Every structure is written in structure tokens, then in C-alpha cells.
Amino acid sequence: QVQLVESGGGLVQAGGSLRLSCAASGRAFRHYVMGWFRQAPGKEREFVARMTRSELTTYANSVAGRFTVSGDNAKNTVYLQMNSLKHDDTAVYYCAASSADSEYPRAYSYWGQGTQVTVSS
């Protein structure tokens, strides 16, 4: 199985950028579909982006064109580059790994602890 640790969150002004990292251990992330999710206070966890084993990427409509997911096999790390951040992007961001190609959180068996992203308006 794989263990996941996120980092890179923080406080940023609207319009700014952050890059989140998801370091995998125990098994290479390339064996999984890697997803990014976020959860704001009082809201359900929602899909942000995913990268398949063949490195195809898909994004939620709310972040398409602003966020980019990528991976570095040598470092066994997945990234989420977030540009043009908005106040509504404020949430705890999680990376997750799944054996299935899905946008639903319930399909993901392995989760990191989350990293807080706060965008000031």
C-alpha cells in the first residue's frame, strides 16, 4: 500500500499561486490514479483534479485553466500547481490514491492528512 503526505499549503492573497506536494512512500504513485480533493468548512469533500496511470489529467470546472496536476516519478511525488487563486479556493486540500479511475472520494482508499490553503480576498 501507499502512504501519502501533503505539504505546501499556506496563506496567499487572491490572484496568487501555491504549489502543493504529495509525497508518496511504500509504493510508486504511478501504480494508482492520483486525485486531489478539497474540503471547506461546512461543505462536503469535493473533487479538484486527478491524474491517471497514463498521466491523463482531468479537472473540476471550478479550477480548470488555473490548476495543474503533475507527477515526478523520480521523487515519487505528485504536485498541484494552483494559480490565480480565489477566496473560494480556501479549503483543506487532500491528495489520495485509488485503484479505480474516479472523481468520487469513496473510490479512493489512501489519503494524506491534508494541508490548509487560505486565500485572502
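## Ser84 and its loop

Ser84 counts as partly exposed because its relative accessibility is 41%; here, buried means under 20% relative accessible area, exposed means over 50%, and partly exposed is in between, using a 1.4 Å probe and protein chains only. Ser84 sits in the loop between E8 and E9. Although Ser84 is not a glycine, its phi is positive, at about 50 degrees. The E labels stand for strands, which are DSSP runs of at least two residues, numbered from the N terminus.

A word on how to read all this: the model is predicted, so local features need pLDDT of at least 70 and side-chain atom pairs count only at pLDDT 80 or more, while totals for chains, interfaces and linings use all residues. Residues are numbered from 1 along each chain as its sequence is written, and side-chain values use heavy atoms, with hydrogens and water left out.

Strands of a sheet pair through backbone hydrogen bonds, either parallel or antiparallel. In this model, four strands make an open sheet in the order E1-E3-E8-E7, and their pairing is antiparallel. Strand E1 (3-7) and E7 stand at the edges with a single partner strand each, so one side of each has no neighbour in the sheet. From one strand to the next, the twist averages 20 degrees; axes for such angles are lines fitted to C-alpha atoms, and the angles run from 0 to 180 degrees between N-to-C directions.

## Strand E8 and its partners

Which strand pairs with E3 over six bridges? Strand E3 (residues 18-25) pairs with E8 in the antiparallel sense; two strands count as paired if DSSP finds at least two bridges between them. E8 covers residues 77-82, and five of its six residues are buried. Thr77 in E8 is the bridge partner of Ala23, and Thr77 is also the bridge partner of Asp72.

Strand E7 (residues 67-72) is joined to E8 by six bridges, and these two strands run antiparallel. Among the facing pairs, Phe67 has Met82 in E8 as its bridge partner, while Thr68 stands opposite Gln81. E7 and E8 form a hairpin with four residues between them, and Asn76 in the turn has a positive phi of about 50 degrees.

## The disulfide

Where are two chain segments linked through sulfur? Cys22 and Cys95 form a disulfide, with their sulfur atoms 2.0 Å apart; a disulfide is a pair of cysteine sulfur atoms within 2.5 Å. The count by this rule comes to one. The link of Cys22 and Cys95 is right-handed, with 60 degrees about the S-S bond. Cys22 belongs to strand E3 and Cys95 to strand E9 (residues 91-98), so the pair ties together parts that are 73 residues apart in sequence. Both Cys22 and Cys95 are buried.

## Other loop residues

Some residues in the loops are worth a visit. Glu55 lies in the loop between strand E5 (46-51) and E6, and Glu55 is exposed because its relative accessible area is 51%. The phi of Glu55 is near 70 degrees, a positive value in a residue other than glycine.

Ala60 is found in the loop between strand E6 (57-59) and E7, and at 13% relative accessibility Ala60 counts as buried. Ala60 and Thr90 are 30 residues apart along the chain, and their C-alpha atoms are separated by 15 Å. Gly112, in the loop between strand E10 (110-111) and strand E11 (115-120), is buried, with a relative accessible area of 11%. From Gly112 to Lys43 there are 69 residues in sequence and 19 Å in space, C-alpha to C-alpha.

## The largest pocket

The largest pocket holds about 190 Å³. A pocket is found on a 1 Å grid over the protein atoms alone, where a 1.4 Å probe fits: it is an open set of points with protein on both sides within 12 Å along at least five of seven lines, and lining residues have an atom within 4 Å of a point. Grid points are joined across faces, edges and corners, and the volume is the space filled by probe spheres set on the points.

The residues lining the largest pocket include Arg38, Lys43, Glu46, His87 and Thr90. By class, this lining has three nonpolar, three polar and five charged residues; Ala, Val, Leu, Ile, Met, Phe, Trp, Tyr, Cys and Pro count as nonpolar, Asp, Glu, Lys and Arg as charged, and the others, Gly among them, as polar.
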